[in-house]
Amino acid sequence: MDDRSADSDPVTAGESSILDTLGEDVIRIVSPVSLCMLLVVLLVSSLSSTNDLSSSISSLFLSSTTTPTSFSSLNLLLLGSDSTWEEIKSALVTAFSFVVVVTLLTFLLVLLFYFRCTNFLRIYMGISSLFVLSFLGGFISLLLISHFKIPIDPFTFAILLFNLSVVGVFAVFMPKFPISVNQGYLVAIGVLTAYWFTMLPEWTTWALLIAMSLYDLAAVLLPIGPLRLLVELAMSRNEEIPALVYEARPVDPQPGDRVRVWRERTDVRIEATENSTNSANVQTVQETRLAVSEEITAPLIEAFPQTGDRHLGTEEEEDGIGLGSSGAIKLGLGDFIFYSVLVGRAAMYDYMTVYACYLAIMAGLGVTLLLLAVYRKALPALPVSIMLGVVFYLLTRVLLEVFVVQCSSNLLMF
């Protein structure tokens with residue numbers, strides 16, 4: 001009786017840990033996503049009346065852009081006209097071209113990662129982050145300074161922009177920086193990139209969102225998908241993917257730096273397994289690893305029984321783009337960007353559509369997290385949220401807006 005109860009304790013403890021930490025993990029990933037979307041909505045709302053860059057960028061794709069402002073104009077837009085169908089064709093071509101370029105670049109990333117060109121990839125990511133923080137961030141900062149009439153001289157502005165950009169690059173790619181600074185700069189990069197995507201024409205934006213959600217679905221789930229190949233290659237080598245990925249770890253983990261202990265103990269276990277022939281040393285290292293595993297609560301991962309035949313495969317099954325080596329949830333920065341693009345586009349129309357799209361995105365993200373808890377593998381985060389967001393956007397504009405307008409016009413309060 002005692003042996004059976006002892007054998008069943010790890011499974012029971014694992015199930016209870018999942019239930020206990022599920023809400024905390026959802027909050028850790030929902031909070032930065034919500035903050036990113038909120039900042040994009042504030043930028044769009046503040047700069048839409050004074051910024052003419054959106055129309056100039058739109059003119060690069062279309063000769064004219066139709067933006068419906070009422071239910072009747074929406075019907076005209078959906079029913080179609082010659083200019084509308086031209087816009088739709090241009091949007092489909094632009095979205096298809098964008099997806100093709102992203103696919104080719106992702107396969108190139110897999111090829112470089114396969115040949116262990118990690119330093120080159122990190123340098124490329126660092127230059128890209130520097131470009132986003134300095135050029136895009138500097139231009140948006142100038143728009144905000146002009147809009148709010150903030151008194152600042154050019155020399156001070158240049159010094160601040162240079163310092164923030166350089167520190168941001170080091171904070172994103174240097175592991176010794178505080179996790180709070182790293183997470184903050186990742187959110188800032190997502191906000192800046194998402195705001196620039198909102199400057200595209202309306203039909204191009206919606207076509208791009210749908211196309212990227214379908215690409216995300218295929219790239220992660222198909223056997224030859226580039227993201228799946230990248231994740232499997234990283235798992236087989238037990239290496240981190242050189243990409244902009246938000247890891248929902250606690251800002252101040254207690255007690256001590258437990259993530260660093262995990263990785264140090266893992267390296268010791270691997271070295272002992274490969275180089276040592278003494279079974280007693282291997283058993284000691286295995287017990288040390290299991291002790292650290294019990295100390296670090298791995299959310300959304302069921303604890304396996306501590307049997308001797310699992311110490312070689314446990315690390316590969318728990319690691320990945322969806323779940324970090326510490327058990328924390330990982331979300332690609334592209335998901336932040338396209339979530340924010342959707343609500344930013346909705347903010348150009350009405351705040352009621354913003355609320356509907358936000359709730360739809362959060363519902364889709366919750367469904368994805370539940371699927372992540374069940375399958376414990378890398379999953380696409382865009383399809384469910386984007387599809388729900390697009391559907392709720394259309395329903396809000398076609399149905400809910402008419403209902404609210406009729407109630408307001410008839411002085412009906414609810």
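This is a predicted model: local features need pLDDT of at least 70, side-chain atom pairs count only at pLDDT 80 or more; totals for chains, interfaces and linings use all residues.
Local features need pLDDT of at least 70 and side-chain atom pairs count only at pLDDT 80 or more, while totals for chains, interfaces and linings use all residues. Residues are numbered from 1 along each chain as its sequence is written, and side-chain values use heavy atoms, without hydrogens and water.

A nonpolar core is a set of buried Ala, Val, Leu, Ile, Met, Phe, Trp, Tyr and Cys residues joined through side-chain atoms within 4.5 Å. Buried means under 20% relative accessible area, exposed over 50%, and partly exposed in between (1.4 Å probe, protein chains only). The largest core has 65 residues, of which Ile-29, Val-33, Tyr-339 and Leu-342 touch the most other members. Helices that each supply at least two residues of this core include α1 (2-47), α8 (202-221) and α13 (333-347); helices are DSSP runs of H or I with at least four residues, numbered from the N terminus. Another core, of 11 residues, lies apart from it and includes Leu-109, Phe-113, Val-231 and Ile-241.

| Residue | Place | Relative accessible area |

Leaving aside residues up to four places away in sequence, Tyr-215 touches Val-99, Val-102, Thr-103, Thr-106 and Pro-226, where contact means heavy atoms within 4.5 Å. Tyr-215 and Thr-103 are 112 residues apart along the chain, and their C-alpha atoms are separated by 8.2 Å.
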